[in-house]
Amino acid sequence: MNDILGELSWRGLIAQTTDLDALRRDLAAGPLTLYCGFDPTAESLHVGNLMPLLTLRRFQLAGHRPIALAGGATGFVGDPSGRDSERTLMDAETIKGRVGRIRAQMERFLDFGDGPTDALMVDNLDWTGQMSAIEFLRDVGKHFSVNVMLQRESVSARLEGGGLSYTEFSYVLLQSNDYRELYRRYGCRLQVGGNDQWGNITAGLDLIRRTESGSGHALTVPLVTSATGQKFGKSTGGGSLWLDPAMTSPYALYQYFLNTDDRDVSTYLRYLTFLPREEIEALDAAVAERPHAREAQRRLAEEIVALVHGRDEVGRVQAASAALFGGGALEGLDEPTLAAALAEAPSVSVAGEVPPLVDLLAEGLSLSKSDARRAVRDGGAYLNNARVTDEAAVPGEGDWLHGRFLVLRRGKRSVAVVERAKA
RNA sequence: GGCGGGUUGCCCGAGCGGUCAAAGGGAGCAGACUGUAAAUCUGUCGGCACAGCCUACGAAGGUUCGAACCCUUCACCCGCCA
């Protein structure tokens, strides 16, 4: 419970840290305030953001106080870390909307309140927004050496490639100022982040040292790549895996993790779940002994859906998976079970004349008509678990399950429901 | 400000007057095999009213029977010089 560093360590969650012994002493001394920031780079957080977010949670469970920071200000500028080209600037409205959504998502993972270990939510726009350019240059910029900044990996990589603007070059100053501000306001003395944030975090420590004569810590979590070398979270399986259920359905999220490579599942269990060590080690053994049972994958998928969408969702998602992979016996399911299983799948409502299957497929799964036709032609389209091969097919009266539903599927992961509007 | 190089589909990248919706690779998607795994193989991979049509090769004009390819202007990027 208290040995948070030991916990992070066996999970493999420590990529880099500043003086580990000093950090251990500070953690032992009582609740430590720590933070992690998330920029509004998209309409939703994605599974890649889960690692640092859950790390905040782990610290909270161990008796420390986490601060979740939404990058309302840094979102305007764009972090050059890990990017090989300049970001496109977003307008204020977009950023504001995204910050709101991201804040709501972060709230799910932490306990907020006024207690000593209750989490805080902040937006760096609050202290950055009204700062003047002069103030910024004098109070922040003065403490940074360009010589040092040029040494940074994220900068030098860009200098060799497509170059970078002064705006992105300055990003590190904003993030450093955030750390200092939280240090001043809340005594925040630890910043966590993905390993690509190492430079940004330590720059903040330097600023605190110089201007506050204070000290703090940095801890980064590894960047995840799958066994096949794919970047995790940002562009996997037909786009990104978003935490927003409207953007990535819980079913798709579940299916994604259910399909985890044997070589990755053990790592993911450590990184992305709160399961205790003994249980994870037992699952490791299960993978080695009877891989075909895929117990570890099931548990992983279950835990992640529970974390992101809640335990209730797990049942629905499993029911849907069982129904769709249960051997095609959809007709055998009673109406409430079927309705529950399909509750979170995207749905299309039909009134009057039934359109051709291709149209329903396109609408239900947000595909172009060409994609929908292609799915049929490739043999990847299913109506009620039966493959459809006729591009001109139109669902018949007998296809409606319980007179109400059609279950459309493309491949293994994409499902949609057509529901007949009540007359 | 001057000179030179560049801007091609999700990404990388070939094409340099017709046979180009554009080679090749990667990613994605689907299928086969399997364990809803990996590897492998196959197909596919701009849109649509789909054996045809429309839109596309930074933008706008022009030359031409015909332009991603030639010319002009503009924008942006990179490099060298100032």
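Tutor: Leu-34 is found in strand E2 (residues 33–38). Helices (H or I, at least four residues) and strands (E, at least two) are DSSP runs, numbered from the N terminus. This is a predicted model: local features need pLDDT of at least 70, side-chain atom pairs count only at pLDDT 80 or more, and totals for chains, interfaces and linings use all residues. Residues are numbered from 1 along each chain as written, chains are lettered from A and ligands numbered from 1 in the order written, and side-chain values use heavy atoms, leaving out hydrogens and water.

Student: Is Leu-34 buried or exposed?
Tutor: Leu-34 counts as buried, at 0% relative accessibility. Buried means under 20% relative accessible area, exposed over 50%, partly exposed in between (1.4 Å probe, protein chains only).

Student: Which residues is Leu-34 in contact with, leaving aside neighbours within four places in sequence?
Tutor: Leu-56, Phe-59, His-64, Arg-65, Pro-66, Ile-67, Cys-188, Leu-190 and Val-192. Contact means heavy atoms within 4.5 Å.

Student: What separates the C-alpha atoms of Leu-34 and Ala-306?
Tutor: 25 Å, with the two residues 272 apart along the chain.

Student: Which helix comes within 9 Å of H17, axis to axis?
Tutor: Helix H13 (residues 250–258), crossing H17 at roughly 70°. That makes H13 roughly perpendicular to H17. From H13, Pro-250, Tyr-251, Tyr-254 and Gln-255 take part. Their partners in H17 include Val-317, Ser-321 and Phe-325.

Student: Which residues of H17 are buried?
Tutor: Glu-313, Val-314, Val-317, Ala-320, Ser-321, Ala-323 and Leu-324. Their cover includes H13, H16, helix H18 (335–341), strand E10 (405–410) and strand E11 (414–420).

Student: Switching to H15. Which residues are buried there?
Tutor: Ile-280, Leu-283, Ala-286 and Val-287. Seen down the H15 axis, these buried residues fall within an arc of 110°, so they line one face of the helix. The arc is that of the directions from the helix axis to the C-beta atoms.

Student: What's on the other side of H15?
Tutor: Glu-278, Ala-288 and Glu-289, which are exposed. As for the buried residues of H15, what covers them includes helix H1 (4–11), helix H14 (262–272) and helix H16 (295–309).

Student: Last topic, backbone. Which non-glycine has a positive phi of about 50°?
Tutor: Ser-213. Most residues other than glycine have a negative phi. Ser-213 sits in the loop between helix H12 (198–212) and strand E6 (217–221). Ser-213 is exposed, at 68% relative accessible area.

Student: And His-402, where does that lie?
Tutor: In the loop between strand E9 (386–387) and E10. Phi of His-402 is also positive, near 55°. His-402 counts as partly exposed, at 38% relative accessibility.

Methods. Axes are lines fitted to C-alpha atoms, for helices over the stretch in contact, and angles run from 0 to 180 degrees between N-to-C directions. Angles under 35 degrees count as roughly parallel, over 145 as roughly antiparallel, 65 to 115 as roughly perpendicular and the rest as oblique.
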